[in-house]
Structures are given as C-alpha cells and as structure tokens.
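Please open the model in a viewer and keep the selection panel at hand.

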Amino acid sequence: MSELIGRILKRERHSSRAPLSVAAAMVIGLLAVYGLLEAVLRAVGQRPWLIDPLTAARRLARLPEGISPVLLGAIGVLLALLGLVCLGHAFLPGRRARHTIADPRLAIVVDDEVIASALARRARLAAGVTREQVIVVVSTKAVQVNVRPTSGIPLDESHIRAAVEDELEQMALEPAPDVTVNLSGSGVIGV
Amino acid sequence: MNGTPRAVNRVVLAIAGLVLLALGAALAALAVVPAAGRLWQDWAGPQMGRLSGLAARTRLAPGGGSWIWLVVAACLLVLVIFMVSWVANQGKGRTNVLFQRQGTAADDGAAGKVVLSTAVAEQSLKAALLERGDLLGVSVTSYAFRGQPAVRVRVLPRQGVAPHEVAADIASLVDALDALLGVQVPVLVSLGSGTRARFTKAERVR
C-alpha cells in the first residue's frame, strides 16, 4: 500500500506531457493523412489534389532555389524552435507546482496556490490588514510573504513570520519550504 | 494516476523534437550558407533521378501509378494508426470495479461472486464532501493503477481554507469508508484551485 502511494505521489508531482503529446499526434496524423491521400491518388493514376509527391520531392531536391532565402530561413528557425520545445518537454523533469502532505493512509497533493491562499489568510489575520495588502508566493522550497502595512500602523515582522511558520508546521508539507517576510517600506492609505 | 503512457509521451516527443530540430537547422543552413545549398543539390539531384527511375520502372500498368506509392501509403497508414492509438491512450485507465471476490468452497461453500462498484466509494465520498461550505468543487473518480483500483478525490477549496484541515477531514471520511467496505483501496486526495475558486469570495466565517 505505502509503495503504491509513493508511486501515485511521484506521478502526481510530475506533468504527464499529455497536452503537447496530443497536439503533436494531431499534427503528425493530419500530415500523414494528407501524404496518404496524395500517395494513393498517385498510385491509382489520378490527378494530385494539391501537389504530386514526385514534384514535391523534386522541388525539395533543388531547395535553396525557388523560394526566397528569408522565408526559407524563417521556416527553418520556426521548425527548430518547435523542435526545442518538444525536446524540452521530453527531457526536463516537468515538476508541477505542488507539495505533498505525509499521511499513512492517503496520498495527498496540494497545489501551491491553495497553500499560498491559506498562508495569506493567516498572515492577514496576524497583521490585521486587508486581503489586498498581502501577497504570498509559494515555490518548492521557499515561501515569500509580502505585506504592505496600512499607513501609520506599524507591523511586527516576527509576529507575522511566527504565524505563517506555525501554519506551515501544521500543514507538514514535503518538501518543507522556508519563510521570508517582506514588509513594504511604504504603506497604503484609504483601506 | 491515470494510465497516460508517460514514458511513450516523452520518447515520441524526444524523437519528434530531434527530427524538427535537425530539419529546421538544415533549412536554415540551406538559406544562409551557399556551400550547404550546393552540397545538398549535388547529393539530392542524383537521388531524385534514381527515385523517378524507380517509380517509372515499377508501374503497375501503362499509364498507371507505381506500386512504391502503395508502399508509401501503407507506411503512412501505420503512422496514422500509431498516432490515433497514442491519443486514445492519454488519460485512460478508468475502472468501475472497486473490489471483487469469488465465492469458494473453502470459504462458505456458496457459489458466485461479490463485486463492489466504484460508484459506492465515489458517491459516498462525493455526497459527504458536497455538504461542506468551504469546498467549491468535488470530483471523485476511480482508476486502475498498476492493475489495482484506486480512488482519486479532487477538491477545490475556497480561498484561504487550510489544506491540512480539509485533508484530515477527508482522511476520517476514508477511514469510515474502509470500516464500511471492509477493504482498503489506495486513495489520492488532490487539493487544487480552479478559476471558480479564484473568483468567488474567500471564506470569512467558519
């Protein structure tokens, strides 16, 4: 059971690469269907729909002629960029913005956005400011709490940090992030 | 935890990426370097001649096409079939059997089989979670993960809801479900936020 849960968590923390795979499969499939059509038309001796495969191959063989070099270069660069995107998807780890919570029975994953909004609420209550004055950024190993105080009311940074750290400790996230609290130098008025 | 073939995705994307990169670099080189253009024409010209010679020699009937086009068509057909099956395999793996057990003579002598549908777990968890005001969306689905049924609970809490508290509540629900069913299936709890959670008001009173 725990081994299975470990595997589930590992899968949930990484992207499956399904959207790009579906897009790539659609494009390759459509191109192949078109090629199929032209090849069959040629095989049964009908006129080609757009271009005859042999003519296309002949044009390719003569390549830098017959097309403006700027257009050819642009197509080349575009294809190379698409290739780089595909390679990046294939080889980068593709970690998703998620943390896990250790539990003996369940596999629990939490999107970083949910963690951020929970921490923002706690920081807001500790600082006594409105929602708009707190911005929390959660990444894998760091939590950054940015608070803009209300003008004329000083805030205690260590108090906010203690509150956020207490909340994080209760969450028991894996990997556990470190907290930094930034108090903005200028306050806001009219809240 | 669905059955998306992740390794296949990465391998095919790597191949496609390498091919596109090589093709793009070659085209850019043809456009920019004149020597590359000459080299390509010198190599491709004779190849072209050989190809058209082959196409002319392998005509099926006078005036008709050559069978090499049928070979090309067959290869492309295989490619199309592979692409369709690749797309069809993304996100598959749903199951509707949570637990099944064959009655044996050693047990109680009764013939037959007991099958628990995944709807039992899905609907009871969903009904229990939908009552809560701090969750905006709940979806419970079941997948066969490595041949074993597993339940996935996706909840979208309101802004500001502490995730560990929701998780602890779901854990107690799952414990109750375990006691009710008498079997333990792996359960994944995924807490996320969607557009709906982003644009509805935050939870202010509990």
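The model is predicted: local features need pLDDT of at least 70, side-chain atom pairs count only at pLDDT 80 or more, and totals for chains, interfaces and linings use all residues. Residues are numbered from 1 along each chain as its sequence is written, while chains are lettered from A and ligands numbered from 1 in the order in which they are written.

**The interface**

Select chain B together with chain A. Here 72 residues of chain B are in contact with 69 residues of chain A (contact: C-beta atoms, placed from the backbone, within 7 Å). Colour α1 (6-32) of chain B, one of the elements that give two or more residues to this side; α1(B) supplies the largest share, 19 residues. Helices (H or I, at least four residues) and strands (E, at least two) are DSSP runs, numbered from the N terminus. By class, this side of chain B has 47 nonpolar, 22 polar and three charged residues (nonpolar: Ala, Val, Leu, Ile, Met, Phe, Trp, Tyr, Cys and Pro; charged: Asp, Glu, Lys and Arg; polar: the others, Gly among them).

**A helix pair**

Next, select α3 (residues 53-61) of chain A and α2 (residues 34-57) of chain B. Their axes come within 9 Å and cross at roughly 165° (axes are lines fitted to C-alpha atoms, for helices over the stretch in contact; angles run from 0 to 180 degrees between N-to-C directions). α3(A) is therefore roughly antiparallel to α2(B), a term for angles over 145 degrees. Show the side chains: A:Leu54, A:Ala57, A:Arg58 and A:Ala61 meet residues of α2(B), including B:Met48 and B:Leu51. The contact of α3(A) with α2(B) has seven nonpolar, three polar and one charged residues.

**Strands across the chains**

Move to β2 (residues 106-111) of chain A, which runs parallel to β5(B) and is joined to β5(B) by five bridges. Within β5(B), B:Leu188 is the bridge partner of A:Ala107.

**The sheet of chain A**

Which order do the strands of the open sheet in chain A follow? The order is β3-β4-β6, three strands with mixed pairing (strands pair if DSSP finds at least two bridges between them). β3 (134-138) and β6 (178-183) of chain A are the edge strands, and the twist averages 15° from one strand to the next. Five bridges link β3(A) to β4 (residues 142-147) of chain A in the antiparallel sense; A:Ile135 has A:Asn146 as its bridge partner in β4(A).

Finally, select helix α6 (residues 157-171) of chain A, which lies across β4 and β6 of chain A and runs at about 150° to β6(A).

Note on methods: Angles under 35 degrees count as roughly parallel, over 145 as roughly antiparallel, 65 to 115 as roughly perpendicular and the rest as oblique. Two residues are in contact if their C-beta atoms, placed from the backbone, lie within 7 Å.
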